[in-house]
Amino acid sequence: MDSNHILIFDETAGTFPKIISSLPGDVTAAYATTGSDLVTALDEQAVDAVVLVLSSKALDADLHALRSRLEHIPLILMVEDGGVSPATLNDLIGLPLQGVLPLPFSAEEFNALLEQSLTAREMLSQGKEISEALTETNRRLNARLQEINTVYTVGKSVASSLDIDEVLARVVMASVNITQAEDGVIILKEGDRLFVRVSKRMEHRFPQRLHDATTDSVAWQVIRSGRPAMLHRETKIATGLVVRSLLYVPLQTPGADTIGILGVVNRLKDARFTEHQLFTLSSIADFAAIALENARLFSAVEAERSRLGAILENAVEAIIVTDAADRLWLWSETAAEIFGLDSDARGQSVGACIDYSDVRELFDKTLQEEAMVHAEVELRDGRVYNAQLTTVPDVGRVAVMQEITHLKELDRLKSEFVSTVSHDLRTPLTTIQGYVELLDRVGPLNERQTDFVNRALSSLNHITDLISDLLDIGRIEAGYDLEMKALRMDELVRTTAEAAVVQAQSQGMGISVDLPDGPLWTWGNARRLRQVLDNLISNALKYNRPEGWVGVRAECDDEHIVVSVSDSGIGISAEDQAQIFERFYRVQSPETEDVQGTGLGLAIVKSVVEKHKGRVWVESTLGEGSTFAFLLPLTNPPA
Ligand code: ADP
């Protein structure tokens, strides 16, 4: 244990030797005989206890000075015979008095009291230290809390605003307040130049928004290095002022690009910035950088949006964009006009807003099927649109509809023309055919004549086929001869395949038929569906290899019948597959060169199937064979 030191106040100095002689070895003592000596001694010495020898005379001392110094030091009073002056007693009230000894005293009594006083002293000083430490910790905690609160408030306000000027002003204001600096500034980099964007000067109440080009070498240094700068010497800064201390922190985007600096400076007062303030300012700078990045992204998105809006506004096509759940999101002016869409439609489902079943079915289809589908949409005023619907991953669906009314009209006129011409051609052709066939009956023909007649007949057959196909396609598309009724597709497939067996055998080929046990009912026109099957089977035979095979198959699920005709023939390349359903398209290849055909068979197949609300497709590998399949709705058996 350290040694203790006591101070004895004794105006007569008479008691002092006695006290000294009774002190334990580890205690030293000094004495004062006047009040002012006592105060000086208390100031100069580290005193652990004070002994006051008091008489009936009032204490001659500056009591205010004495009281404040005795507040934390234990007191022992020694009282002379005559007692203590009441004024003195009054002055001692509230001080840490340990005990009173009447004079003369015994050494044991004094030592017991002294020991008690020294223990009290130790406790008092510990208590004082703890309370001082607590006060200091509390003060620091409060300051930190206030900083965190400011950082949090800045963060919150920054995150909730996209007005960049306002955000920057708030950031500068908070930085100045938190660091108690005189001025604050934000400098941003634009290309290879720096601009002061916000400046808060001590002579102004509010920050000023600026766009002043600047050359601030410290700012450049912070931007280039990405590290803060804290200077405590005279420095010239962006605003042209000379400052005494400066703290610049970089504004870094989440991608770690430094886009500018946030700075605080002191021009007049000689105050140093602390590491602590550097951290706090860096946190605020992070918020500011995020806000700047958000604002940049927002304005980029806005620009993109308004560009998209302009495109949609000016597009002649009817364009509808939906989200993944088919809720309307964007549409063009044309779409708004034809489907009567107003701003209330946004967010509503296609089904609820668009009163055209063709469009609704189009959207239904994509949900189940491939990424892009087409449909024709006929408006009530007669206009016709060709709609193409695309699924855009992570966005939804986009329907683009082009008006094809005039094309439809042209198509109709062309079909009518072809129909009329074909019809008018058929009569004289039949006559020619009849006479050519009669030629050998009116007299014997020589070999060359017979050859010529056969060639003429073959060409006549081709023209007749062509004309009858043309007439067919015209009629099918116009919807003539398409009376529908319930029919059994399985039976139609069987009889058609059986009828083709003879032709197949003549080519050395077989036809296999695979049908389910139960009936397959559909709603359709038997003559036209038979024509579909005829065309597919005859193609499978025509474009086959010697001793090849043809397989005809029908199957169904809960809603559809699928009929397929497969062959082991020459196959079709992917490019040709895309075009073979077009009118007059024929594959040009050495294998098909000698095969007769009009190029209309598959166009007829497609027209008929589509008139039955079905679809047709092909799967084929060049050199291996093809499968043509079509799908029709399955219906209930008739009552
Ligand atoms: P065509 O009268 O020429 O047979 P289609 O419209 O029936 O006309 O067929 C168009 C073209 O498709 C044919 O010319 C042929 O090249 C090709 N094609 C059709 N069916 C098959 C098949 N089963 N195998 C290979 N190619 C075929």
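This report describes the ligand site, strand pairing, salt bridges and a surface patch of a predicted model.

## Basis of the model

The structure is predicted: local features need pLDDT of at least 70, side-chain atom pairs count only at pLDDT 80 or more, and totals for chains, interfaces and linings use all residues. Residues are numbered from 1 along each chain as its sequence is written, and side-chain values use heavy atoms, with hydrogens and water left out.

## Ligand site

The ligand is surrounded by 20 residues, where a residue counts as near if one of its heavy atoms lies within 4 Å. The closest are N539, Y543, D567, R586 and L602.

For V587 the distance is 3.2 Å, for T598 it is 2.9 Å, and for G599 it is 3.0 Å. Taken alone, the ligand exposes 520 Å², and the protein buries 98% of that. Such accessible areas come from the Shrake-Rupley method with a 1.4 Å probe.

## Strand pairing

Helices (H or I, at least four residues) and strands (E, at least two) are DSSP runs, numbered from the N terminus. Two strands pair if DSSP finds at least two bridges between them. Strand β22 (residues 549–556) is joined by five bridges to strand β20 (residues 510–514), and the two run parallel. In this pairing V513 stands opposite V552 of β22.

Strand β22 is also joined to strand β23 (residues 560–567), here by seven bridges and in antiparallel fashion. R553 stands opposite S564 in β23. With three residues between them, β22 and β23 form a hairpin.

## Salt bridges

The structure holds 29 salt bridges, each a side-chain nitrogen of Lys or Arg within 4 Å of a carboxyl oxygen of Asp or Glu. One of them joins the side chains of E166 and R170, at 2.1 Å from N to O. Both residues lie in helix α6 (residues 164–179), four residues apart, about one turn of the helix. E166 counts as partly exposed at 26% relative accessibility, and R170 is partly exposed at 30%. The classes are buried (under 20% relative accessible area), exposed (over 50%) and partly exposed (in between), with a 1.4 Å probe and protein chains only.

R267 forms a salt bridge with E203, with the closest N and O atoms 2.7 Å apart. This pair links distant parts of the chain, 64 residues apart: R267 is in the loop between β13 (258–266) and α8 (275–314), and E203 is in the loop between β7 (193–200) and β8 (208–214). R267 is buried, with a relative accessible area of 14%, whereas E203 is partly exposed at 45%. A network of salt bridges links D183, R201, E203 and R267.

The side chains of D472 and R528 meet in another salt bridge, at 3.3 Å from N to O. D472 lies in helix α13 (residues 447–478) and R528 in helix α15 (residues 526–542), so the pair ties together parts that are 56 residues apart in sequence. Both D472 and R528 are buried.

## Surface patch

L407, L410 and L413 make a nonpolar surface patch of about 280 Å². Patches are made of residues with over 30% relative accessible area and no salt bridge; like charges are joined within 9 Å, and nonpolar side chains (Val, Leu, Ile, Met, Phe, Trp, Tyr) within 5 Å. L413 lies in helix α12 (residues 405–438) and is partly exposed, with a relative accessible area of 41%.

Note on methods:
A polar contact is a pair of N or O atoms within 3.5 Å; within protein, one must be able to donate a hydrogen and the other to accept it, and residues adjacent in sequence count only if both atoms are side-chain atoms.
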